[in-house]
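Please look over the model shown below before reading the briefing that follows it.

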Amino acid sequence: MKYLRNMSTLKYSMEKCAGCGRCVEVCPQGVFVMQGKRAAIADLDLCMECGACAKNCDFNAIAVNVGVGCASAVIRGMLTGGEPTCGCGDTPTGSSCC
Amino acid sequence: MQKLTFIPTTVIKKKPLPAWASGTISTPAGVVLKVRTDLSRADIWGMVKSRASAFRMHYIVPPGLYAVGKPAKESDVFVTANYKMSFDALRRELKGINAWVLVLDTKGINVWCAAGKGTFGTDELVKRITEANLKAVVSHHRIILPQLGGVGVSAGTIQKKTGFRVSFGPVRAKDISAYINSGYKKTTEMSLTKFSVWDRLVLTPMEINPVMKKYPWFAAAVLFIFGLQPSGILFQQAWSGGLPFLVLGLLTVFSGAFLTPVLLPFVPFRSFAIKGWLVGLASIFLAAQFFSLMNMQHKLLLVTSFILFPALSSYIALQFTGATTFTGMSGVKRELKIGIPLYLGALGISLVLIVLFKIREWGVV
């Protein structure tokens, strides 16, 4: 299943890639594939902005605006003016996240 | 009266083992619990309760090092969260395997969400590796993390700070033995999240639950509106007039929190708001056709139903983005930016129509 088109904030600079393959290893959505000695983006619409790739790229080739794709978290963020965060573990009645 | 006598006894109580532990073993880093690989009835009941309620908020195991089978210095180290369901999902897949399990303190949250929050994170892993004296326990430098932990853990930093090289294993614990047998290689299948009908189905109780907590407010408002008469609040009127709305309300919860999640890939459009709206609309339409619930005296109420309930279903369905494996924040923000004004509009129009209905009913105009 794919979510909305052209939404992901992921930016990838192939010229910085050293070909370690960590992004392919951590991405749970199959956004990256190895193309020869470098990683390439297979389908950006699959990206859910979890940030695992950027966190594990030792060469700063990947940047993404990390966030939770969770409506109640985003609404809470809008209401409190803060960044959207999951309510998990904070409020026992909480949202459906996690 | 009989005199009660107390015999003083000194009860020497050893700390009882948790039901999921079968004993202890000594390691260079101290005594650690040996973990069972079979789930007991209590474990399964705990899983059911966690799926359905806030019980899961306190379903934890103590963080630290554990043993599975008869692990030696060469045995693998698997890392997991201290949410009991995550811990159970791992240990049941380690049957017949000798391994170490390192549990991080994620405050009782599963691996993926905890990684997103940073509790299943680089610092916590460094701390646990150090505290468990993992260097003395194993002779190698490999640790295996669940792939979804990658959101919180930087493998490069772990290697720099502890010397251990992180391998991100499969997403699902059930692929662990296949992963080991293939020489620690993942197939594409093992590294992608799936979101099957079953996966979605088990998540629906926690969609329905929070909405149903708000349902009494909706019911009270409906009964008040229909019961309100110039002569006061009439129970008979409240019940006969309000009942179709109460039923449609329940149907809407069912549409948004159950049907839409379960039928997710089969409902057209990628937007959750549109999916929820369509399913809500179809439900109201079918209810109107087959159950003649719309035997409402007034066309105004029929129109109100078609404006209000699909919008509510859409809003409820949008909440399911929090439980999915594939929705990103930018997309959800876009949906809400467009959706919220529409929801408020639908609510406003519905209220106006209800007021019009009441005015006609009372024969004011």
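Accessible areas here come from the Shrake-Rupley method with a 1.4 Å probe, and for residues only the protein chains shown count as cover. On that basis chain B has an accessible surface of about 18,600 Å², of which 66% belongs to carbon and sulfur atoms. This is a predicted model, in which local features need pLDDT of at least 70 and side-chain atom pairs count only at pLDDT 80 or more, whereas totals for chains, interfaces and linings use all residues. Residues are numbered from 1 along each chain as its sequence is written, chains are lettered from A and ligands numbered from 1 in the order in which they are written, and side-chain values use heavy atoms, with hydrogens and water left out.

**Chain B overall**

- The secondary structure of chain B comes to 13 helices and nine strands, where helices (H or I, at least four residues) and strands (E, at least two) are DSSP runs numbered from the N terminus.
- The C-alpha trace of chain B spans about 90 × 75 × 35 Å along its principal axes.
- Of the 365 residues of chain B, 49% count as buried, a term that means under 20% relative accessible area, with exposed meaning over 50% and partly exposed in between (1.4 Å probe, protein chains only).

**Contact between the chains**

- The contact, meaning heavy atoms within 4.5 Å, takes 54 residues from chain B and 44 residues from chain A.
- Chain B and chain A bury about 4,300 Å² between them, 59% of it on carbon and sulfur atoms, where buried area is the accessible area (1.4 Å probe) that two parts lose on being put together, summed over both.
- On the chain B side, Arg270(B), Phe326(B) and Met329(B) lose the most area to chain A, together 20% of what that side buries.
- In helix H3 of chain A (residues 71–80), the buried residues include Ala71(A), Val74(A) and Ile75(A), and the buried residues of H3(A) pack against helix H12 (299–319) and helix H13 (329–362) of chain B.
- Gly81(A), which follows H3(A), has a positive phi near 80 degrees.

**Arg128(B)**

- Arg128(B), in helix H4 (residues 122–131) of chain B, is buried, with a relative accessible area of 10%.
- Leaving aside neighbours within four places in sequence, Arg128(B) is in contact with Pro63(B), Leu102(B), Val103(B), Leu104(B) and Asp105(B).
- Arg128(B) and Leu104(B) are 24 residues apart in sequence, and their C-alpha atoms are 6.7 Å apart in space.
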